[in-house]
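Trainee: Could we go through the pockets and the helix packing of this model together, one step at a time?

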Amino acid sequence: MPLLESDGAIERLLTTSKTIAIVGLSDKPYRDSHEVATYLQRMGYRIIPVNPNAASVLGLKSHPTLEDIEEQIDIVDIFRRPEYVPAVVEAAIAIKAKAVWMQLGVMHQAAAMRASSAGLNVVMDRCILVEHRRLAA
């Protein structure tokens, strides 16, 4: 699977996905991850928080790791610093997620290539909220 860069490919990913695990989803309303999750929830996506330091976020049970989630994940949305991305990508591969989305400012070329070679779609250095509003809303 390629690094998704075209508007059409990103739109297809957003319109065919239903469940998004957000790694690093904060329980603090002023954080970007919280705003993005709230928006995606309003748009009809099933949000699954992944944060070992929060019991719940947005009224939803938070999971310590991706591996603790018992359902199929379409997109793993990463709100973590680049040095943590390779471990998140390995977990996304292990749970057979369909895509990895690295938020704006999050880039890790080797991890992107690893995810792509494992068959996952990859979006890097883009905000899922901005792209959804622009292409799929």
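Trainee: Which element gives the largest share of the lining of the largest pocket?

Mentor: Bear in mind that this is a predicted model. The largest pocket has a volume of about 550 Å³, and of the 23 residues that line this pocket, the closest to its centre are Val-23, Gly-24, Val-50, Phe-79 and Arg-80. The largest share, three residues, comes from H3.

Trainee: And which element gives the most to the lining of the second largest pocket?

Mentor: The second largest pocket has a volume of about 150 Å³, and the residues that line it include Asp-32, Glu-35, Val-36, Phe-79 and Arg-80. By class, its lining has six nonpolar, one polar and three charged residues. With three residues, the element that gives the most to this lining is H2.

Trainee: How are H3 and H4 oriented to each other, roughly parallel or roughly antiparallel?

Mentor: H3 and helix H4 (residues 109-117) pack with their axes 9 Å apart, at an angle of about 10°. Angles under 35 degrees count as roughly parallel, and therefore the orientation of H3 and H4 to each other is roughly parallel.

Trainee: How do the residues of the contact of H3 with H4 divide by class?

Mentor: On H3 the contact is made by Val-85, Pro-86, Val-89, Glu-90 and Ile-93, and on H4 by Ala-111, Arg-114 and Ala-115. Sorted by class, the residues of this contact divide into six nonpolar, no polar and two charged.

Technical notes:
Residues numbered from 1 in each chain as written. Predicted model: local features only at pLDDT ≥ 70, side-chain atom pairs only at ≥ 80, totals over all residues. Heavy atoms only, no water. 1 Å grid on protein atoms, 1.4 Å probe; cavity = no way out; pocket = protein on both sides within 12 Å on 5 of 7 lines; lining within 4 Å. Points joined across faces, edges and corners; volume = space filled by probe spheres on them. Helix = DSSP H or I, 4+ residues; strand = E, 2+ residues; numbered from the N terminus. Nonpolar A, V, L, I, M, F, W, Y, C, P; charged D, E, K, R; others polar. Axes fitted to C-alpha atoms, helices over the stretch in contact; angles between N-to-C directions. Parallel < 35°, antiparallel > 145°, perpendicular 65-115°, else oblique. Contact = heavy atoms within 4.5 Å.
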